[in-house]
Amino acid sequence: MIDFINLYLVPGLTIGSVYALGAVGISMIFGILRFAHFAHGDLMTIGGYGVLTAVWFIPIHPLLLLPFGIALAIVSALAVDQFFYKPLRKLPTIYTVIASFGVALIFRSLAQLFWNSGNQVFTSGVRMPVVLFDTFRISELHMQVISLTLVIAIALHFFLTRSKLGRAMRAVSDEPELAAVAGLDTEKVVRWTWVIGASMAAIAGVFAGMDTSMHPNLGWNLLLAMFAAAVLGGIGKPMGAIAGGLIIGIAEETATFTWFSDEPFISPSYKSAVAFFIMVALLLFRPQGLFKGRLL
Amino acid sequence: MELTGLIFYIVSILIAGGIYAVLCLALNVQWGMGGLFNAGIAGFFAVGAYASAIVTTAVSSKHLGGFGLPIPFGLAAAMIVAGITGWVVAKICVRLKSDYLAMASVGIAEILRLVIVNESWLTNGSLGIAGVPRPFGNLVQGREADLVYLAVVWACVIGVYILCQRLYVSPWGRTLRAIRDNEDSARAAGKDVDWFRLQTFVIGCAIMGLAGGLSAHYFKFLSPSATEPLLVTFLVWVMLMAGGSGNNKGAIVGAIVIWFIWSATEIFTSQLPPEWITRSSYIRMLLVGLLLQFVLQKFRSGLIPEKSPKIRSD
């Protein structure tokens, strides 16, 4: 039982937090701009490298340098929206999906070009896990990731329900025509969607890079699970995406637990298939997700 | 470069270009005619490559088979296995709407990759399968063998082209385009939309499998890295968009043009200073990514735009 918590549940919550933060952006972009953003994983990678570069110049704790990664991700996201997505907005959204596929490739090749293609770590050296109540052994990073995600989720909730801008975003996501008739500035909402989506993506990228190491494929490899999380939470429901991310993360990790015999229930090498099967099952049987998201 | 060297360089480009042309025709069936977004091309390509390799290689303890059968059996197996894989996928996913199908197909490619890497009894894992035969391999050796293979590949391209063209002008193809352009009215006209989509997806996947088989026999060696998911999938998409989706000739022309550009940039990037050489492939990927954006914005109908066949009034 203790092993289950230490080795499966907490790592599951950690990777789940990464998925959650990434899925918020995917869900909001899907809800407001109505396309599946295939470059979101690579946007995470860009944010992660932004912080990695800052660490080279200012050797303090990477989490304190998050603003650098966030800024880089926001600038990148707004630039690709302006140059690559906006010109296609009048067309069927599938063209924007194809464009975002290309943007994913552009981001990744830029990451490989500027930061080379190997694995790089934020801070070297082994950190001992913190022992709580003599039983729980949780690494410092995992605690930071989970608690920061919690704080962000609460802040996001208040932003979306209390602030004028947040409410406008939800309105555009739920009823775009009505929102336009009511005089909401759609372009401003789109801009802020990118700002929030990119910030969260950058934070998620840094978390993922600190948990393992930074490499150019980091974000792309997480993309499928984040899509699954966004669908699970309901498209256009940021809070749902956070819940979805945590659930997918926990499901992936605990699927490899020795549930019924001494063998892992699902071989760890097939871990990333778990998210896929959850996603397909949802799309077939409950496409609106847990929280009644939008249907395409 | 001396002349023969140049000729064989062009031959190698035309062989690879031909394999891409087959892939591009396959994607044209799925996307161009059927409007099905498949972002998992590399997966079906890999399935075909492994199927053909396992069927045709000599018996080995390292992987399943080999069965040592003649190459046509290998290519047939490639199409059948990839088609069946496509059928399983389509059975589940074909009802999904465009963006969701795109997400699911990325996942399928990833799962197929995981199977190939992990199931070493089947594929010898990351070590790969060696000794895949070439057609007429015992008759011609060396560079001449490339010329023979060029003929084999392009015979396949022409065969697939004729098949796709027949499909396109047939009542079946007309129904597909009707579904692509307006699903609801096609349904109202009594067409079984899901069944047509399923067929489209399976045919496309089988042809992708054929392309995979052709590439396995060309390189004579197969490892998971040979099916680098992004490069295969992405290049084929760029080729089809640039060539003109919906048009089979456009698919072939797009494949050749983009493959020539891709190969030409290799010559260009090899002139770069040494410290940049290792990064040259990233520059090429960046350029292809930008090329796709250009095509999407300014050049959407492609080199040879789709032209619906005239309706005969007899």
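A: The largest share of the lining of the second largest cavity comes from α10(B), with 4 residues. Helices here are DSSP runs (H or I, at least four residues; strands are E, at least two), numbered from the N terminus. The model is predicted: local features need pLDDT of at least 70, side-chain atom pairs count only at pLDDT 80 or more, and totals for chains, interfaces and linings use all residues. Residues are numbered from 1 along each chain as its sequence is written, chains are lettered from A and ligands numbered from 1 in the order written, and side-chain values use heavy atoms, without hydrogens and water.

Now the lining itself. Chain A gives A:L105. Chain B gives B:L230, B:L231, B:F234, B:L235, B:W262, B:M285 and B:V288. A lining residue has an atom within 4 Å of a cavity point; a cavity is a set of points on a 1 Å grid over the protein atoms alone where a 1.4 Å probe fits but cannot get out. Two helices of chain B, α10 (229–243) and α13 (280–298), each supply at least two lining residues. By class, the lining has 8 nonpolar residues, no polar and no charged. Nonpolar means Ala, Val, Leu, Ile, Met, Phe, Trp, Tyr, Cys and Pro; charged means Asp, Glu, Lys and Arg; the others, Gly among them, are polar.

The space is about 30 Å³. That volume is the space filled by probe spheres set on the points, with grid points joined across faces, edges and corners. The whole structure has 2 cavities of 30 Å³ or more.

Next, the contact between the chains. Here 39 residues of chain B meet 45 residues of chain A, with contact meaning heavy atoms within 4.5 Å. The buried area is about 3900 Å², and carbon and sulfur atoms give 78% of it. Buried area is the accessible area (1.4 Å probe) that two parts lose on being put together, summed over both.

On the side of chain B that touches chain A, α4 (98–118), α10 and α13 each supply at least two residues. Its largest share, 14 residues, comes from α4(B). This side of chain B divides into 26 nonpolar, 6 polar and 7 charged residues. Between the chains there are 0 salt bridges (a side-chain nitrogen of Lys or Arg within 4 Å of a carboxyl oxygen of Asp or Glu).

Definitions and conventions. On a 1 Å grid over the protein atoms alone, a cavity is a set of points where a 1.4 Å probe fits but cannot get out, and a pocket is an open set with protein on both sides within 12 Å along at least five of seven lines; lining residues have an atom within 4 Å of a point.
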